[in-house]
Amino acid sequence: MTYYFKCGDSSVQAMSDEYSFKTMPSPGPNAYPSRIAVIGDLGLTSNSSTTINHVIKNDPALVLMVGDLTYANQYLTTGGQGASCFSCSFPNAPIRETYQPRWDGWGRFMEPLTSRVPMMVIEGNHEIEPQVDGITFQSYLTRFAVPSEESRSNSSFYYSFNAGGAHFIMLGAYVDYNITGTQYSWLMDDLHRVNRSLTPWVVAAWHPPWYNSYNSHYQEFECMRQEMEALLYQYKVDIVFNGHVHAYERMNRVYNYTLDPCGPVYITVGDGGNIEKVDVDFADDPGKCPKPDDNKPEFGGLCHLNFTSGPAKGNFCWSKQPEWSAYRESSFGHGILEVVNSTYALWTWHRNQDAYKEDTPGDQIFIVRQPKLCSPTTKETSDPPQGAQESEPTSPSSTVILSSKMMWLMSLLVALFGIVVR
């Protein structure tokens, strides 16, 4: 369905131009958004402009923004220079920084995209914006409406929604994520109510990655992983998107730092543009392994671990690129997810520099769901989420990545028949 709208006040003849957007397909295994853009750590810089121009060129039907939207919390003190952390450099300041004109400018900057394409957001650490009286996240909470109530969440920091045959779960890393907390209870209930016959794909997103081989933010949110990973694995989440690390990295299917055919494919896209820098150092580079207390999270504690088995046994860092890290590169860009059907999805990472030439993918894979690869589970519920899903026994999904040698064949089948036979 297409909606047409204008913004402004008609009583004083102050109205915008007319815009339109299309709603997402109804839940079902045979209908998906044409292209889903995934962007992290965007900001408002020349690199940000290139990213958004590149995204618009790729014509998405839905945008996932995985945190760190405007970097307005750094604008007054940095502007590209100066203090990298206002609260660190000026701890006694009565009001910690937030700059609403920067938020307004970012909104105008995003208008060519968000005026016609739905955008779903999740908070990052730069949305915390701590102020007097313990006020945090005020800009994020005020400026974005998310379907928390519709997904039975009591918080805008975590929620879920459907887009055709894909169920998206947006999690908050800067609020309580412990097993005893409300978010964990909500997540367990939401996953339990997903009907994989209607929404075969389950995609999760939050800001800081659990799996990350860069020096920056290495094992920073290990506490969150230890609390939540088993639940995502139990319900066979297919793909996880993160930001925070200012680079690109795609993981092989992994669970508990071990290659596992039933684990999700984790993808970090914290390379949107940001006001800081691109991360280039890997934790496995000589002399680049951080100390356990170097990467302290803005929320939660430290749960670092030394590995007791495998290639990193006895170490805090790997001595080479971990086996769960499939591809990594320090470039600005964005990703596009194209779900073909209930079995196949094409993931493409676009580097900004490629927008000016033939636009060949920086990284591209087919992700394949193989439900029979893992033990089936039966869910018992008669209370489907959002009034759209019915409860019935179903098998969880798992994912496998097709080798590049098979991509041409799958692409040909999709082009010729619109489906891929498994």
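Buried means under 20% relative accessible area, exposed means over 50%, and partly exposed lies in between (1.4 Å probe, protein chains only). The model is predicted, so local features need pLDDT of at least 70 and side-chain atom pairs count only at pLDDT 80 or more, while totals for chains, interfaces and linings use all residues. Residues are numbered from 1 along each chain as its sequence is written, and side-chain values use heavy atoms, leaving out hydrogens and water.

**View A. A disulfide joins cysteine 223 to cysteine 303.**
A disulfide is a covalent bond between the sulfur atoms of two cysteines. Between cysteine 223 and cysteine 303 the S to S distance is 1.9 Å. The torsion about their S-S bond is about 95°, so this disulfide is right-handed. Cysteine 223 lies in helix H6 (residues 222-234) and cysteine 303 in the loop between strand S15 (265-269) and strand S16 (325-329), so the pair ties together parts that are 80 residues apart in sequence. Helices (H or I, at least four residues) and strands (E, at least two) are DSSP runs, numbered from the N terminus. Is each cysteine buried or partly exposed? Cysteine 223 counts as buried because its relative accessibility is 7%, whereas cysteine 303, at 25%, counts as partly exposed.

**View B. Cysteine 262 and cysteine 374 are joined by a disulfide.**
Find the two sulfur atoms, 1.8 Å apart. A torsion of about -115° about the S-S bond makes this disulfide left-handed. The pair links distant parts of the chain, 112 residues apart: cysteine 262 sits in the loop between strand S14 (258-259) and S15, and cysteine 374 in the loop between strand S19 (363-369) and strand S20 (399-401).

**View C. Cysteine 289 pairs with cysteine 317 in a disulfide.**
The S to S distance of this disulfide is 2.1 Å. With 80° about the S-S bond, the link is right-handed. Cysteine 289 and cysteine 317 each lie in the loop between S15 and S16, so the pair ties together parts that are 28 residues apart in sequence. Cysteine 289 is partly exposed, with a relative accessible area of 34%, while cysteine 317 is buried at 6%.

**View D. Helix H3 has a kink at arginine 108.**
Follow helix H3 (residues 100-114) to arginine 108, where a kink of about 30° lies shortly before proline 112. The bend at a residue is the angle between axes fitted to the seven residues ending there and the seven starting there. Which residues of H3 are buried? They are Arg102, Trp103, Gly105, Trp106, Phe109, Met110 and Leu113. These buried residues pack against helix H1 (46-57), strand S6 (62-65), strand S7 (119-121) and helix H4 (138-143).

**View E. Seven strands form an open sheet.**
Trace the strands in the order S8-S9-S10-S11-S15-S12-S16; their pairing is mixed. S8 and S16 are the edge strands, each pairing on one side only. Two strands pair if DSSP finds at least two bridges between them. Strand S9 (residues 166-170) and strand S10 (residues 201-205) run parallel and are joined by five bridges. Phenylalanine 168 stands opposite valine 203 in S10.

**View F. Serine 153 sits in a loop.**
This loop runs between H4 and strand S8 (159-163). Serine 153 is buried, because its relative accessible area is 8%. Its side chain reaches the backbone oxygen of serine 155 at 2.9 Å, and a polar atom of that side chain lies 2.6 Å from the backbone oxygen of tyrosine 158. Not counting residues up to four places away in sequence, serine 153 touches Ser148, Tyr158, Tyr159 and Trp186. Contact means heavy atoms within 4.5 Å.

**View G. Threonine 51 belongs to helix H1.**
Threonine 51 counts as buried because its relative accessibility is 0%. Its side chain makes a polar contact of 2.9 Å with the side chain of asparagine 352. A polar contact is a pair of N or O atoms within 3.5 Å; within protein, one must be able to donate a hydrogen and the other to accept it, and residues adjacent in sequence count only if both atoms are side-chain atoms. Leaving out residues up to four places away in sequence, threonine 51 touches Ile39, Leu42, Asp271, Gly272, Gly333, His334 and Asn352.

Definitions and conventions. A disulfide is a pair of cysteine sulfur atoms within 2.5 Å.
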